[in-house]
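Me: I am new to reading protein structures. Please take one part of this model, look at it closely, and then connect it to the rest in plain terms.

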Amino acid sequence: MKRIVQLTVADLKKIFRDKTLLLFLLTPILLILFVRYFVPFITTRYPEAAEYHVMIMMFASAQTAIMFGFISSFIILDEKDENVLQVIRILPITPSYFIFFRLIFAALFSFAGAFSMIAFSGIAFPGWSFAFLLSLQYALTAPLITLVVSTYANNKIEGMAFFKGVDLILLVPVLSFFIDSWARYLFGIVPVFWTFHSYDQAISGNDFWLFFLIGSVVYIMVIALLVSQFRKKVFDR
Amino acid sequence: MIDVKDLEYIYAGTAKTALNRINFNIDCGEVFGFLGPSGSGKSTTQKILFRLLSGYNGSAKIDGVEVNQWGKKLYEKIGVGFELPNHYLKLTALENLNFFKAFYSRSKSPMDLLAMVGLEKDANKKVGDYSKGMKMRLNFVRAIMHDPEILFLDEPTSGLDPVNSRIVKDLILEQKKQGKTIFITTHEMHDADELCDRVAFIADGSIMALDKPQNLKLKGSKRMVEVRLKNDHNLYEFSLDELGKNRVFSALIERSEIETIHSKEATLDDIFIQITGKTLS
Ligand SMILES: Nc1ncnc2c1ncn2[C@@H]1O[C@H](COP(=O)(O)OP(=O)(O)OP(=O)(O)O)[C@@H](O)[C@H]1O
Ligand SMILES: [Mg+2]
C-alpha cells in the first residue's frame, strides 16, 4: 500500500511539473467543454449535425480516454531517457508489479475521463449502465497506448510522433460507418472499432453485447501480446 | 559470496564477445576491484550479476545461487551504484530517495543519507538542477539506503572533484568496516590501490591478472633505487639488495647532497601496461 501511494504521488508530481503532460491532462477537460457547449451550438445553427452526434461522441470519448495512455507512456519514456528504468529494474519488485501499476493507473484515469465525457457532454447519452460499460472498454485503450508507445518509442520525440500516428489510426474505424458491406469488419483489427460500434448499438441497435464482448476479447488479446513485448524489450528479468 | 566461472557475454546484434570466459570470486567482506580501460567489460560483468543483462554463458552465482534463478529478493541483498546518474530529474533529491525507500523492507532515513554526502542543503532542489558530481553522490547514497550486504559500485568516483571523491572513498571504506562485500569497477589506479583487497586487470573482456594490489606492484617492480644529486644531471641506479654494503652508493651520498631518492616500485598503471599492453585511460 505504501508503495502504491508513493508511486501515485510521484507520478502525479511528474505530471504537474511537466508542461506537455499538463497539456495532455487538460485536453480531456477542454474536449468535454467543447462537446458540451460547442457541438449543441453548432447543432442549433445546422440541425443536420445532429445526425453525427453519436459519431462525435464515440470519437471524443476515445480521444479523452487515450490521453491518459499517453501521459502514462510519457512517464515511462522519461524513465527511459533518464535511465531510471534501470533503477526500477533492480528494486525488490516483480516486473509485473511495475507494469500493472502503470497500466491500472492509466486505465483508472481513462475510465473516469471517458465516463465524464459520456455523462457530461449532454449529447448521445446511452443511459447509465451503457455509459459505465462503454467507459470500461474505452479505459482499455489507455493500457494499449501506454504499452505501444513505451515499448516502441525510444524517446519522447519518437513518442510525440507515435501520439500523432495513433490518433490518426483511431480515426480510421470511423470510416466503417460509411461502408455498408462485410468489408467494414476489416477495421476490426483496430480495437476501438468494436467500442465505436458498441456505442452505436447502445444508442440505436440490438447488438451491443455482441460488439462489446468481441471487443473485450480483442482488447485483452492485444494487451496481452503487448505486455509480453514490453517485458521482452523494456523490462526484461 | 560471488562466484563467476567461465562467464561469457555477447551483446545481441554484435559479433564481438564483450566478456571472454572470465573467472573470479569475491569473498564475504572483501572489497574487490575491476581495473580496466573504457570498453573492457567492467559494466557488462556487473550488469550480468544484478540481472540487467540476460543470456550469458557460463556461471555467475551470488550466495551459491545462479543469478538467473534469483527473484526479487536479490535486490534487498544487493545495492547498485550505477556508472551514470539516473534519477527522476523533475523530483527533488529527497523525493527521489523517499520514492525508492518505499520499495525496501528497511531503509536509512533519506535526510541522513543526503547529509552523509553533503547534500542536505540541496535536499529540496530538483535533481535536474544538480551538477554531475551531486547526482553521482546521490547515486551512491541510493545504493546504500537499504543497508545491502553486497555493493556493486560502477566507477563510484568518476566525475567527482578530489574533495567529493575523498568523501565517497571514505564512505566506501566505512561500508567495508561494517563488513559489506563490495565490487568496484574503476579505471583509476589510485582508487583500486587504496580501496581494494584484490584487483583484477581486465582488458578486452578478459581478466589478465588478479591479485592483491601490493603483489601486483611487486611483480613488476625493479628492485632498484634511483638517486638524483644536486648540481648533477646524471641519474644513478643501485640495486636494493644489500644496498647498505654498496660502497659506490655510500660514497656517492657521502660526497654530494641528494636532490631526490626513489625506490623504483611500479604503479598499478605501469603493471597494467606491462601485463595487458594497454593503457588505462
Ligand atoms: N548495449 C550494448 N550493445 C552492444 N555492445 C555493447 C553494449 N554495451 C557495451 N557494449 C560493448 O561491450 C564492451 C564492454 O563494454 P562495457 O560497458 O562493459 O565496458 P566498461 O569496461 O564498463 O567501459 P567504461 O569504462 O567505458 O564504462 C564494449 O566493447 C562495448 O562497446
Ligand atoms: Mg562501464
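Reply: A helix here is a DSSP run of H or I with at least four residues, a strand is a DSSP run of E with at least two, and both are numbered from the N terminus. The model is predicted.

Ser176(A) sits in the loop between helix 8 (156–171) and helix 9 (192–204) of chain A. Its relative accessibility is 0%, so Ser176(A) counts as buried, the cut-off being under 20%. If residues up to four places away in sequence are left out, Ser176(A) touches Arg184(A), Phe187(A), Phe193(A) and His197(A).

Thr64(A) has a relative accessible area of 0% and is buried. Gln63(A) is also buried, with a relative accessible area of 11%. With residues up to four places away not counted, Thr64(A) touches Pro28(A), Leu31(A), Gly113(A), Ala114(A) and Met117(A). On a count that leaves aside neighbours within four places, Gln63(A) is in contact with Leu31(A) and Asp167(A). Gln63(A) and Asp167(A) are 104 residues apart along the chain, but 7.8 Å separates their C-alpha atoms.

Helix 5 of chain A (residues 95–120) has 26 residues. From its first C-alpha to its last, helix 5 of chain A reaches 38 Å, close to the 38 Å expected at 1.5 Å a residue. Gly122(A) follows helix 5 of chain A and has a positive phi, near 80°.

Now to chain B. This chain has ten helices and 13 strands. Its C-alpha trace spans about 70 × 45 × 35 Å along the principal axes. Of the 281 residues in chain B, 51% are buried. Among contacts in chain B with a separation of 6 or more, 66% are between residues 24 or more positions apart. The domain assignment divides chain B into domain 1 (2–217) and domain 2 (222–264). Taken over C-alpha atoms, the centres of domain 1 and domain 2 of chain B are separated by 44 Å.

Chain B contains an open sheet of four strands in the order 2-1-4-5, with antiparallel pairing. Its edge strands, each pairing on one side only, are strand 2 (19–26) and strand 5 (65–66) of chain B. Strand 1 of chain B (residues 2–9) pairs with strand 2 of chain B over five bridges, in the antiparallel sense. Val4(B), for example, has Phe24(B) in strand 2 of chain B as its bridge partner. Strands of a sheet pair through backbone hydrogen bonds, and the pairing is either parallel or antiparallel.

Strand 11 (residues 224–229) and strand 12 (residues 235–239) of chain B also pair in the antiparallel sense over five bridges. Here Glu226(B) has Glu237(B) in strand 12 of chain B as its bridge partner. These two strands form a hairpin with five residues between them, where Asn231(B) takes a positive phi near 60°.

The next site holds a metal. Ser43(B), through OG, and Glu83(B), through OE, coordinate the magnesium ion (ligand 2) at 1.9 to 2.3 Å. This pair links distant parts of the chain: Ser43(B) is in helix 1 (residues 42–49) of chain B, and Glu83(B), 40 residues apart from it, is in the loop between strand 6 (78–81) and helix 3 (93–101) of chain B. Ser43(B) is buried, with a relative accessible area of 14%, whereas Glu83(B) is partly exposed at 27%.

Gly277(B) follows helix 10 of chain B, and its phi is positive, near 75°.

Definitions and conventions:
Residues are numbered from 1 along each chain as its sequence is written. Chains are lettered from A and ligands numbered from 1 in the order in which they are written. This is a predicted model: local features need pLDDT of at least 70, side-chain atom pairs count only at pLDDT 80 or more; totals for chains, interfaces and linings use all residues. Side-chain values use heavy atoms; hydrogens and water are left out. Two strands pair if DSSP finds at least two bridges between them. The expected span of a helix is 1.5 Å times one less than its number of residues. Donors are N, O and S atoms within 2.8 Å of the metal (3.2 Å for Na, K and Ca); water is not among the atoms, so sites may look incomplete. Buried means under 20% relative accessible area, exposed over 50%, partly exposed in between (1.4 Å probe, protein chains only). Domain bounds come from an automatic or database domain assignment. Contact means heavy atoms within 4.5 Å.
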